[in-house]
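Here are some quick notes on the helix packing in this one. Have the structure open while you read.

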Amino acid sequence: MTSFVRRLTVGSTIPHVPVHQQKFKPTIEIPAFPLLPHNNQRPLGIALRSRKYWRVEAVGPVGRSEGGDCTKKAGGGPGPGPCSYSLGDRTTEVERRERNRTVEVVVAAGVTVVLGVGNRVLYKLALVPLKHYPFFLAQLATFGYVLVYFSVLYLRYHAGIVTDEMLSMPKAPFLAVGLLEALGAATGMAAGAILSGASIPILSQTFLVWQIFLSIIFLGRRYRINQLLGCFLVAVGVIISVASGSSSGHSLKEAGMFWSLLMIVSFLFQAADTVLKEVIFLDAAQRLKGGSIDLFVVNSYGSAFQALFICLLLPFLSKLWGIPFSQLPNYLKDGAACFLNIGGTLSSRCDGAPLLPLLFVIVNMGFNISLLHLLKISSAVVSSLASTFSVPISVYVFTLPLPYLGVASSLPTGFVAGAIILVTGLLIYAWTPSGSTAALPSPSN
């Protein structure tokens, strides 16, 4: 009978041994221990029969063509045949997936930077018609997002993209997300009303520090020296490019330590919010057995709980904006009239509405979605770096002749030096030493 031979590739150090078939003699019966016949039956005995023989050969790494086609058997006829299984195939597949993931992260980071710049510029433009109603614009964004996000979530659910398992995720983390976002907004508004505009970019760099610290504690991340150095240089670059030549240091002293610490606490709440969202994605990958929760599930429930806590904080927030709570309904009514550019004499002061505010709301929504997508496929720190990189670019854009803004601003004295330091920090962060692995494991997709 013809034997069947299988070839296994185990590595490059084993020499190639060609596959060949061996011929064996037909089955031979060897009677043994003959027994006497019983009731005229045939004599009984024990026969040894040859069966199929299997031989495993270790061969060198070969391609599919040399190893044979899995659809043909050894004799050339139809049916299964000898195949070559190479460990290199698995390595190549892993490398290809890593390259694809890197490209996806780079593209997502680029989109986030572009939308981040547009978000900052359009916010400034949106405040031209709504300069007397910034609190209305903030609440329009907060409550408008709830309506938009849940509408998109409804459509994605009926399209089969969002499943019942995703919607059945525990709601406590989303509640915490909403609370952190509301607290971050409240404390940021309170401190921002006292601090100067030049000092806020300096204090905002504590956001990245908080993210690294919290991800080490709650996610067990371990960062390489070049990543920590890169984050430090990014923060220094932003401070130099944005706040150089200004009286930010003097402004911090005038404002007092309390308000500076309150702004730092505000960025702590925001950093905790992003790290918690990363925890949600990691937990969803386990609960959904390797699946991934849809972005709009996180955005919808997070925004809904944020709006709930904002409602509870409205008396406090309106006071921060200098609006007595009893006059808040009239203020929101006038803000809506200005937003829609209606109301006679009121509309004459709202040139640019509703186009500019609507553009800001749309771009801001896209920025939040892209930021969350980048966080999902990478980490909270990477998303923070992409958002931070948009700051000096926005400063440069404001030096261009933009409509509605009048005279363009001038670049800070240390802008170029700060931008160089920032880009250097990003390159150092992204650099991976040979033979080392990434220190930032990403959530499962």
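1. Start with the outward side of helix 15: the face turned away from its buried side carries the exposed residues Val416, Ile420 and Leu427. Exposed means over 50% relative accessible area, buried under 20%, and partly exposed in between, with a 1.4 Å probe and protein chains only. Helices are DSSP runs (H or I, at least four residues), numbered from the N terminus.

2. Now the other side. Phe415, Gly418, Leu422, Gly425 and Tyr429 are the buried residues of helix 15. They cover an arc of only 90° around the axis, so they sit on the same side of helix 15; the arc is that of the directions from the helix axis to the C-beta atoms. An α-helix has 3.6 residues a turn, so residues three or four places apart point the same way.

3. A word on provenance: this is a predicted model, where local features need pLDDT of at least 70, side-chain atom pairs count only at pLDDT 80 or more, and totals for chains, interfaces and linings use all residues. Residues are numbered from 1 along each chain as its sequence is written, and side-chain values use heavy atoms, leaving out hydrogens and water.

4. Next, helix 5 (residues 172-192) and helix 10 (residues 257-287): their axes come within 8 Å and cross at roughly 160°. Axes are lines fitted to C-alpha atoms, for helices over the stretch in contact, with angles from 0 to 180 degrees between N-to-C directions. The pair is therefore roughly antiparallel (over 145 degrees; under 35 is roughly parallel, 65 to 115 roughly perpendicular, the rest oblique).

Notes
Helix = DSSP H or I, 4+ residues; strand = E, 2+ residues; numbered from the N terminus.
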